[in-house]
Amino acid sequence: MPDTHHAQLDWDERGQPLSRSYGDIYFSQENGLEETRYVFLANNDLATRFAALADGECLNIGETGFGTGLNFLCAWQLFEQQAPAGARLHFVSVEKYPLHHDDLQRALALWPELAPFSTELLAQYRAIHPGFQRLLLADGRVVLTLLIGDAMEQLPQLDARIDAWFLDGFNPAKNPEMWTPELFAELARLSSAGTTLGTFTSAGVVRRALNAAGFQMRRVPGLGKKWEVLKGHFIGNPQGEGKPWFARPARPAPEKHAVVIGAGLAGCATAASLAARGWRVSLLERHAAVACEASGNPQGVLYLKLSAHGTTLSRLIVAGFGHTRRLLERLQRGADWDACGVLQLAFDDKEAARQGKLAAFPADLLHSVGREQAEALAGIGLPAGGLFYPDAGWVHPPALCRQLVQHPLIELRPYQEALSLSRQDDRWRVDGPSGTLVEAPVLVLACAAEIGRLLPDANLPLKRIRGQISRLPANALSSQLRTVVCAEGYVAPPRDGEHTLGASFDFHSDDLTPSVAEHAGNLELLREISKDLTERLHAQTLDPATLEGRAAFRCTSPDYLPIVGPLADAEAFAETYAVLAKDARQVPDASCPWLHGLYINSGHGSRGLISAPLAGELIAAWLEDEPLPLPREVAEACHPNRFMLRTLIRGAGSPT
């Protein structure tokens, strides 16, 4: 099957890449570096602007056409040369056809002076799938958000304020859809007063269309054979935000100190994202260490159950998978994680039909395999073929949590259980059994369903689902299992001499003592996955009462999406937007009555490995007024205020 998701390249006699689709070069064949530095860096005055950044400030650059990443790498190099140590760079770039890793490596080898930057980019350049993909570089000081897909599908979903634009699509004559008034209107929507813009083209039609969109453009001398290029700035009126209940809250007090309650994956990821932006984080945990509850299983699976219809959940899963997959490169492969692949069996007709609809996804994310191929990949006998996710695998979640909190600005405070919250003088106070534990202007609740106890008035519909895994001793024959295999349950290749098998779902039990009945149920899940592996593990003779295992509560929401973001005061929300109970189409002007400085990161269910780390980035983006790491529609679908909104709209008789 032809690869329609990646750039198809030809290479000229000098080893430089050309786009087969557009019949155009990626950069000047005479002076690529000089042209980038002149057209985009100098014409946006970036050297001066980087040097003028204050400690903690971030400059946001937007680009049309990531290509080989040359413009990004040159901007990053200049940022390192000019910006103060506490400043940050955020680069957002849209790319319809991303390069394969090997092609990118070959192209960037042409610029040895950029090697320190291109090496780090290449190490993180994996799982670059359609939609929003976030890459953290320079210990989080530099953030690259790639929007993979058609510009006019991706840019309207971007929630950001851009300070400087690089317009670098292929030549307007060869790629006209990247130079349209509609696209320029999106650039204007994302711009502030004074946002600058540079582009290599001097075409009159481009200049006039940019002027009409609110930019003041002028021709300036070009470089080399290029007589003229365009530079300018935005003089139009910056557009306001949309619905007030999803708008960004006012930035908190200047003191960058946050309390995060809960040191599971959601809390550790939030702490890491904030610390990378210069925040001091007090991470409260009622147990002795990180990852003692739902994040404490020996092996979790990067499990991507996707929909063919581009649902909100699917877009979240693809973006979250890419982000987590890149984070895992920091861990020790084999002990803490393994990209062994995940095989989802087509275990019945319904599942086979569902899988058959997923052909639109890139083959390097998933591809269909028959039974024989599935058995060859897994190393064991299987009842069916299915979908194979070659870049997925298993993770030891406690190792990821420990890695995330390894930052000098994060103070882990074990044995500190939060019992009540209060807000006084623009600060949140957290009280425990013996009095006040800590105070700070920002509070993030990442303590799963315990949020209901701490915030009873918010009425967040979080529910707990008990899950139990079983640990099976590996042997020489069972150790031939090479991939994670999933049906109704899952089994993973051995880690530390044991296979993890699971997991049960119990909506009613509050007892976390591992039960014999659920061990027996897990063994039944194993038989459905592979009778061959069941025999290799002698599972038919195992007494469930002798098995080791672990039970924990997953925390989910009614719509199966996580609950991530700032939270309004429920009573004031109902009063402020009471008109919605009569007419759900109204968008009142009144600003949202926020619980200032309060954020939620919860409800990740069984997908926490995929969604929780990116949710930490989402909260940091709100607090720092950065570009969001998810499409606006997805971020709004995960917003805590959605439940208050639905309650009001139900009063109007509209569907929720």
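The model is predicted, so local features are given at pLDDT of at least 70 and side-chain atom pairs at pLDDT 80 or more, while totals for chains, interfaces and linings use all residues. Residues are numbered from 1 along each chain as its sequence is written, and side-chain values use heavy atoms, with hydrogens and water left out.

## Helices that pack together

Helices here are DSSP runs of H or I with at least four residues, strands are runs of E with at least two, and both are numbered from the N terminus. Let's begin with helix α9, residues 265–275: 11 of its 11 residues are buried, so the rest of the structure largely encloses α9. Buried means under 20% relative accessible area, exposed means over 50%, and partly exposed is in between (1.4 Å probe, protein chains only). Among the buried residues of α9 are Gly267, Thr270 and Ser273.

The table lists three helix pairs. Axes are lines fitted to C-alpha atoms, for helices over the stretch in contact, and angles run from 0 to 180 degrees between N-to-C directions.

| Helix pair | Angle | Axes |
|---|---|---|
| α9 and α13 (residues 397–404) | about 25 degrees | 8 Å apart |
| α1 (residues 32–41) and α3 (residues 70–82) | about 70 degrees | 10 Å apart |
| α10 (residues 312–327) and α18 (residues 608–624) | roughly 85 degrees | within 7 Å |

Angles under 35 degrees count as roughly parallel, over 145 as roughly antiparallel, 65 to 115 as roughly perpendicular and the rest as oblique.

For the pair of α9 and α13, the axes pack at about 25 degrees. The two helices are therefore roughly parallel. Their crossing is left-handed, a term for a near helix turned anticlockwise from the far one by less than a right angle (clockwise would be right-handed). Contact means heavy atoms within 4.5 Å, and here Leu265, Cys268, Ala269 and Ala272 of α9 meet Leu400, Cys401 and Leu404 of α13. By class, that contact has seven nonpolar, no polar and no charged residues. In this scheme Ala, Val, Leu, Ile, Met, Phe, Trp, Tyr, Cys and Pro count as nonpolar, Asp, Glu, Lys and Arg as charged, and the others, Gly among them, as polar.

Helices α1 and α3 pack at about 70 degrees. That angle makes α1 roughly perpendicular to α3. On the α1 side the contact residues include Leu33, Arg37 and Phe40, and on the α3 side they include Cys74 and Leu78. Seven nonpolar, four polar and one charged residues make up this contact.

The axes of α10 and α18 cross at roughly 85 degrees. This pair is also roughly perpendicular. Among the residues that meet are Phe321 and His323 in α10, with Pro613 and Glu617 in α18. The contact divides into nine nonpolar, four polar and one charged.

## Strands and their partners

Two strands pair if DSSP finds at least two bridges between them. An open sheet of three strands has the order β14-β19-β15, with antiparallel pairing. β14 (300–301) and β15 (337–338) stand at the edges with a single partner strand each, so one side of each lacks a neighbour in the sheet. Two bridges link β15 to β19 (residues 394–395), and Trp337 stands opposite Val395 in β19.

Strand β8, residues 162–167, is mostly covered, with five of its six residues buried. It pairs in the parallel sense with β4 (residues 58–64) over four bridges, and Glu63 stands opposite Phe166 in β8. β8 also runs parallel to β9 (residues 191–199), joined by five bridges.

## Residues worth a look

Ile600 lies in β31 (residues 594–602) and is buried at 0% relative accessibility. Val564 is 36 residues away in sequence, yet the C-alpha atoms of Ile600 and Val564 are 5.1 Å apart.

Asn522, in helix α15 (residues 516–529), is also buried, at 0%. Its contacts beyond four places in sequence include Gly502 and Ala503, and a cis peptide bond with omega of about -10 degrees joins those two.

Asp425 has phi near 55 degrees, a positive value in a residue other than glycine, and is exposed at 73% relative accessible area. Asp496 has phi near 60 degrees, also positive, and is exposed at 71%.
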